Amino acid sequence: MAWATVAFDLLLAVGLGWLAWQSMHGTGLFRAVVSFMVFGLLMALAWVRLDAPDIALAEAAIGAGITGALLLSALSRWPEADGSPDVDRRRRWAPGFWMPTAIVLLSLLGLAAWRLPAPGLGVETAAALGLAGVDNPVTAVLLNFRAFDTLLEIGILLLGAVVIWSLGTLSQPLAPTAPSPALPALGRLLFPAFVLASTYLLWRGGHAPGGAFPAGAVLGAGGILMLLAGARPWLTSDEHGPWRWILALGLLAMLAAAVGVLAVGQDFFQYPPALAGPLILLLELTAGLSIALLLFALYLGGQPPVRWDRGPTP
Amino acid sequence: MRVVEWFGGLLVLLGMPFFFSGTLGLLRFPDVYTRLHALAKGDNVGLGLVCLGLGLQSGSLAMTLKLLLIWILMLIASATGAGLIARTAMVRGIKPWGL
């Protein structure tokens with residue numbers, strides 16, 4: 001069956017290249033966005049083929065799902081939604097410049113990847129796993145060994161949401177123009193399933209692929225579905241407004257953990273091995289909640305008004 | 001055990017023609033409504049057969065139930081999505097083919 005897997009991989013590689021080309025040079029923005037979303041799904045499949053299920057989960061949830069939703073929502077704000085904007089592709093010098101540049105960059109990247117030490121840091125990670133507090137090496141790296149990187153990632157998400165909200169208020173109607181009775185029913189029916197799947201992914205992160213980012217993305221997608229079904233975001237309303245502190249909760253919790261361990265005589269971000277397990281679970285929980293709400297806030301594309309004109313706030 | 005695995009493989013193979021005809025319908029049918037009709041029906045039956053076949057091949061009850069759950073979620077999502085697309089097309093004034 002070796003030839004079948006090789007054929008599948010080849011098909012995947014060709015499909016990825018073709019979709020990338022389509023999303024850059026296809027006619028019409030809608031087409032490009034859909035190509036990009038399918039590209040994300042195939043990319044997740046490619047990560048599975050490379051034995052990296054963690055990255056595959058993140059790619060499918062964030063790369064294809066949330067990014068696709070963000071792009072579609074941006075597209076619906078485009079002044080001429082159905083006509084493709086005039087992008088000047090007649091500049092003849094452009095391919096002559098970009099093609100060699102791309103080839104040189106790709107060869108350099110390939111060379112760099114080729115020269116990486118073969119097992120990487122896998123051996124060191126496996127050796128230190130006993131101190132990490134979790135069984136999944138990816139979670140150990142993300143939330144213990146290199147927790148500082150994760151702190152910065154969540155910080156960037158928060159910064160993005162703050163900047164987007166500060167650019168303007170949410171103006172356009174949120175629900176689609178032709179509401180179907182099926183959509184609110186679907187939202188009500190499926191939202192518990194979103195919460196369940198997200199909790200499952202979060203809990204699994206300790207011993208298997210999963211963790212805060214896929215969990216947050218799934219929960220955020222559930223929120224977006226509720227929004228499309230006609231729900232009102234409650235982040236800025238009078239009675240629930242303070243809940244928007246959850247946006248910063250993940251970052252604050254990670255900072256607190258990083259600085260708090262100094263008090264018990266450890267270095268910055270160096271968890272005491274006995275406390276590492278519960279601490280990581282707590283950080284995953286706060287980070288997952290924050291990521292879900294941050295992705296939702298990014299999707300809104302503007303600060304929601306303090307008061308809605310009519311209708312209940314869910 | 002071998003019989004169950006063979007049966008699972010047979011179900012997966014049986015699912016393929018449904019995907020094929022759904023895709024054929026998407027490519028060849030004249031308007032958005034008929035294309036939705038082909039996709040929402042053909043692919044869902046195909047996916048059900050493939051999920052059931054893979055579940056039987058996996059030989060684990062938990063895995064089979066997970067695959068069936070995926071199929072059910074897909075059924076709900078695909079029915080709602082197809083309905084939404086069709087309604088939006090109606091509101092935008094796209095006439096069904098032949099009317």
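**Entry 1: ground rules**

I noted that residues are numbered from 1 along each chain as its sequence is written, and that chains are lettered from A and ligands numbered from 1 in the order in which they are written. Because the model is predicted, local features need pLDDT of at least 70 and side-chain atom pairs count only at pLDDT 80 or more, while totals for chains, interfaces and linings use all residues, and side-chain values use heavy atoms, with hydrogens and water left out.

**Entry 2: the fold of chain A**

I looked up the secondary structure and found that chain A has 11 helices and zero strands, where helices (H or I, at least four residues) and strands (E, at least two) are DSSP runs, numbered from the N terminus. I then asked how much of chain A is buried, a word that means under 20% relative accessible area, with exposed meaning over 50% and partly exposed in between (1.4 Å probe, protein chains only). Of the 314 residues of chain A, 35% count as buried. I also looked at contacts, which means heavy atoms within 4.5 Å, and among those in chain A with a separation of 6 or more, 76% are between residues 24 or more positions apart.

**Entry 3: the largest nonpolar core**

A nonpolar core is a set of buried Ala, Val, Leu, Ile, Met, Phe, Trp, Tyr and Cys residues joined through side-chain atoms within 4.5 Å. The largest one has 47 residues, of which A:M254, A:F269, A:Y271, A:L283 and A:L295 touch the most other members. Helices α3 (53-76), α6, α7 (147-167), α8 (182-204), α9 (212-228), α10 (246-263) and α11 (276-300) of chain A each supply at least two residues of this core, and the largest share, 13 residues, comes from α11(A). I wrote beside this that, in soluble globular proteins, nonpolar side chains tend to be buried together.

**Entry 4: A:N136**

I found A:N136 in the loop between α5 (122-132) and α6 (137-145) of chain A. Is A:N136 buried or exposed? At 5% relative accessibility, A:N136 counts as buried. Its side chain makes a polar contact with the side chain of A:T139 at 3.1 Å; such a contact is a pair of N or O atoms within 3.5 Å, and within protein one must be able to donate a hydrogen and the other to accept it, while residues adjacent in sequence count only if both atoms are side-chain atoms. Leaving aside neighbours within four places in sequence, A:N136 is in contact with A:D54, A:G205, A:G206, A:H207, A:A208 and A:P209.

**Entry 5: salt bridges**

I counted a salt bridge where a side-chain nitrogen of Lys or Arg lies within 4 Å of a carboxyl oxygen of Asp or Glu, and the structure holds three of them over all chains.

- The side chains of A:D9 and A:R49 meet at 2.7 Å, N to O, and this pair links distant parts of the chain, with A:D9 in helix α1 (residues 2-25) and A:R49 in helix α2 (residues 29-49), 40 residues apart. A:D9 is partly exposed at 30%, and A:R49 is partly exposed at 36%.
- A:D149 is paired with A:R146, the closest N and O atoms being 3.0 Å apart.
- In chain B, the side chains of B:E5 and B:R2 meet at 3.2 Å, N to O. These two residues are separated by about one helical turn, because they are three residues apart in helix α1 (residues 2-28) of chain B. B:E5 counts as partly exposed at 29%, whereas B:R2 is exposed at 54%.

**Entry 6: B:F19**

B:F19 is found in helix α1 of chain B and is partly exposed, with a relative accessible area of 26%. Apart from neighbours within four places in sequence, B:F19 is in contact with B:D43, B:G46, B:L47 and B:V50.

**Entry 7: where chain B meets chain A**

The contact takes seven residues from chain B and 10 residues from chain A. The area buried between the two chains is about 750 Å², of which carbon and sulfur atoms give 78%; buried area is the accessible area (1.4 Å probe) that two parts lose on being put together, summed over both. In chain B, B:T80, B:L84 and B:R87 lose the most area to chain A, together 51% of what that side buries.
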